[in-house]
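Subject: Structure handover and notes

Hello,

Here is the structure we discussed. The notes on what was found in it follow below.

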Amino acid sequence: MAPPVSADQWLAAAKYRRTVYGLKSTSAVSDERVEQILGEVLSFAPSSYNTQPVRITLVTGEKHKGLWDAIIKEAEPILKGAGEEVWKTMSGIFAAHKGAYGSVVFWESGNSIKEAGEKHASGAHMFPQFAEHTTGMAQILVWTALELEGLGANLQHLQAIPPVEAVIKQYLDVPQDYSLKAHLNYGDEAQPHPEKVPEKLPLSETLKVVN
Ligand SMILES: Cc1cc2nc3c(=O)[nH]c(=O)nc-3n(C[C@H](O)[C@H](O)[C@H](O)COP(=O)(O)O)c2cc1C
């Protein structure tokens, strides 16, 4: 089978993806199309031994707002406990996330990791790490695809506050063995798509060729 796009086209598409914080409460891309993209990623993304530990929940419109209301309610006393300044900063950030149109929530299935370890006993100690790699691969595919559709998106990690993760699990009614890995807020962009890639380390530090 001939490759559908060139490597340069693929890299240009991947490079287009940016962290976009200014998001609107609208989406020019239908929920059905986003669902299709998520299904597509789940249908081909790699995982160790093809064990497929990734689970995804799509939350849109009023349910996205409700999810963020639940997050904010749970986080407020905890973050206020860390200092009024912390809450002042974070409440503004959370309000902006609530103002987006939707969330793609990435989970890791604990049962799938357990079963993978039972099936491939010699590699059992590696499956938690493999699952982390696997979710990252799915996340970058989804994030890039949504932005190529014309949306903006930013990646958040509410599991940093365990009671907030518990509230998200409850709101989205996922099985107890799921653990939260990432939360991609998305929506129409409130400003032109960022063009500049944030500065990177010199390749002399990050890349070595041995030949
Ligand atoms: C593993 C990972 C975790 C990240 N966590 C967060 C986060 O919790 N909140 C956030 O606003 N951005 C988060 N980001 C986005 C980075 O800050 C962003 O990718 C980086 O600054 C480069 O900008 P770019 O996404 O426009 O290329 C995360 C990115 C990665 C890859």
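Is T57 buried or exposed? T57 is buried, because 21 other C-beta atoms lie within 10 Å. The cut-offs are 20 or more other C-beta atoms within 10 Å for buried, 12 or fewer for exposed, and partly exposed in between, with C-beta atoms placed from the backbone.

Two points on conventions first. Residues are numbered from 1 along each chain as its sequence is written. The model is predicted, so local features need pLDDT of at least 70 and side-chain atom pairs count only at pLDDT 80 or more, while totals for chains, interfaces and linings use all residues.

T57 and its surroundings

T57 lies in strand 1; strands (E, at least two residues) and helices (H or I, at least four) are DSSP runs numbered from the N terminus. Apart from neighbours within four places in sequence, T57 is in contact with V105, L172 and V174, where contact means C-beta atoms, placed from the backbone, within 7 Å. T57 and D173 are 116 residues apart along the chain, and their C-alpha atoms are separated by 9.9 Å.

Nonpolar core

The largest nonpolar core has 36 residues, and I71, V104, F106, V142 and Y186 have the most contacts inside it. Such a core is a set of buried Ala, Val, Leu, Ile, Met, Phe, Trp, Tyr and Cys residues joined through C-beta atoms within 7 Å. Elements that each supply at least two residues of this core include helix 2 (31-44), strand 1 (54-60), helix 6 (127-148) and strand 4 (178-188). In soluble globular proteins, nonpolar side chains tend to be buried together.

V142 touches I37, L38, V41, V104 and L184, not counting residues up to four places away in sequence. L38 is found in helix 2 and is buried, with 20 other C-beta atoms within 10 Å. With sequence neighbours within four places left aside, the contacts of L38 are I56, L58, V104 and V142. By contrast, L38 and Q159 are 121 residues apart in sequence and 21 Å apart in space, C-alpha to C-alpha.

Helix 5

Helix 5 covers residues 110-119, and S112, I113 and A116 are buried in it. These three sit on the same side of helix 5 because they cover an arc of only 100 degrees around the axis, the arc being that of the directions from the helix axis to the C-beta atoms. N111 and E118, on the other side of helix 5, are exposed. Strand 2 and helix 6 are among what covers the buried residues.

Positive phi

Most residues other than glycine have a negative phi. N50, not a glycine, has a positive phi of about 55 degrees. N50 lies in the loop between helix 2 and strand 1 and counts as exposed, with 7 C-beta neighbours inside 10 Å. D173 also has a positive phi, near 55 degrees, and its place is in the loop between helix 7 and strand 4. With 7 C-beta neighbours inside 10 Å, D173 counts as exposed.

Ligand and annotation

Which residues are around the ligand? They are R18, T19, N154, L155, Q156, H157 and P198, each with its C-beta atom, placed from the backbone, within 6 Å of the ligand. By class, this shell has two nonpolar, four polar and one charged residues; Ala, Val, Leu, Ile, Met, Phe, Trp, Tyr, Cys and Pro count as nonpolar, Asp, Glu, Lys and Arg as charged, and the others, Gly among them, as polar.

The UniProt record, an unreviewed entry, places the feature "domain: Nitroreductase" at residues 15-187; UniProt positions are in the numbering used here, feature names are shortened, and annotations may be inferred rather than shown by experiment. The end C-alpha atoms of that span lie 19 Å apart, and the span is 55% helix and 18% strand.

Regards

Technical notes. Two residues are in contact if their C-beta atoms, placed from the backbone, lie within 7 Å.
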